[in-house]
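Biologist: I have not seen this structure before. Could you take me through it one question at a time?

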Amino acid sequence: MNIVLFGPPGAGKGTQSALLAERLGHKHISSGDLFRENIKDQTPLGLEAKEYMDKGQLVPDEITIKMIQETFKELGGRPFVLDGFPRTLPQAKALQELLDRMGLKLGQAIFLEVPKARIMERLTGRRVCSECGANYHVQAKPTQKPGICDICGGKVEQREDDTEAVIAQRLQAYDESTAPLKEHYQNEGLLTVVDGGGDAEAIYRALEAHVKD
Ligand code: AMP
């Protein structure tokens, strides 16, 4: 079944959707990861997206939708877990149109609910491997060797947009543009709300329990 996972920044979308996709054998498509890969490769798309990401703003719909449309061409019939897309109502509409054209259906839109107070602590403490993208947290999940990824030995860093000032902007963008998706998917009969407030394992257990067959 095709799944969308959404929620505020710091809800654990990246970690949880990667786990879920692996478990279900689905393709994991993360719009944030796609932008970061483009930035790393210094593509024109990456350079344009970076301007917005550095300020904690959403990348404009037109650019984001085009990138996702391109990625969907490589799906090869596999079901997917979408992580971080859609993030606005126009993106949700574009996704629906894309799926209609491809003869696909969205089965579930899972919202990870997290109290605002937890978000800041999660995001400011988050560290990410610059090579393989593995996620850590300075308190909750530190690396075994400081600054070195346990999995691939890559350099573990703070994301440029995980500073307090940028996080505040990202939260504002979330409130204005992404929060309305909850009502949208509720109206579509696709919404499932999962408690994203606990540790990663607890969230995953709750998520698994809520995924429909
Ligand atoms: P994420 O890794 O999901 O936290 O995304 C990091 C940043 O990438 C966001 O703060 C946005 O600037 C940008 N981004 C990711 N997904 C989208 C999207 N669907 N629409 C617009 N901007 C996005």
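**Buried residues and packed helices**

Biologist: Is V59 buried or exposed, and what is its relative accessible area?

Modeller: V59 counts as buried. Buried means under 20% relative accessible area, exposed over 50% and partly exposed in between, using a 1.4 Å probe and protein chains only. The relative accessible area of V59 is 8%.

Biologist: What pLDDT do local features need?

Modeller: Residues are numbered from 1 along each chain as its sequence is written, and side-chain values use heavy atoms, with hydrogens and water left out. This is a predicted model, in which totals for chains, interfaces and linings use all residues, side-chain atom pairs count only at pLDDT 80 or more, and local features need pLDDT of at least 70.

Biologist: At what angle do helix 4 and helix 5 pack, and how far apart are their axes?

Modeller: Axes are lines fitted to C-alpha atoms, for helices over the stretch in contact, with angles of 0 to 180 degrees between N-to-C directions. D61, T64, I65, Q69 and F72 of helix 4 meet residues of helix 5 that include P90, Q91, A94 and L95. Helix 5 covers residues 89-102. The packing angle is about 25°, and the axes are apart by 10 Å.

Biologist: How are helix 4 and helix 5 oriented to each other?

Modeller: Angles under 35 degrees count as roughly parallel, over 145 as roughly antiparallel, 65 to 115 as roughly perpendicular and the rest as oblique. The angle here is about 25°, so helix 4 and helix 5 are roughly parallel.

Biologist: What about helix 7 and helix 8: how far apart are their axes?

Modeller: D175, E176, S177 and T178 in helix 7 are in contact with P180, L181 and K182 in helix 8. The two helices pack at an angle of about 30°, which makes them roughly parallel. Their axes are apart by 6 Å.

Biologist: How many residues are in the largest nonpolar core?

Modeller: A nonpolar core is a set of buried Ala, Val, Leu, Ile, Met, Phe, Trp, Tyr and Cys residues joined through side-chain atoms within 4.5 Å. Among the members that touch the most others are F6, I29, F72 and F80. Elements that each supply at least two residues include strand 1 (2-6), helix 4, helix 5 and helix 8 (180-187).

Biologist: How many residues are in the second core?

Modeller: This core is separate, and includes I3, L20, V81 and I167. Its number of residues is 18.

Conventions. Helix = DSSP H or I, 4+ residues; strand = E, 2+ residues; numbered from the N terminus. Contact = heavy atoms within 4.5 Å.
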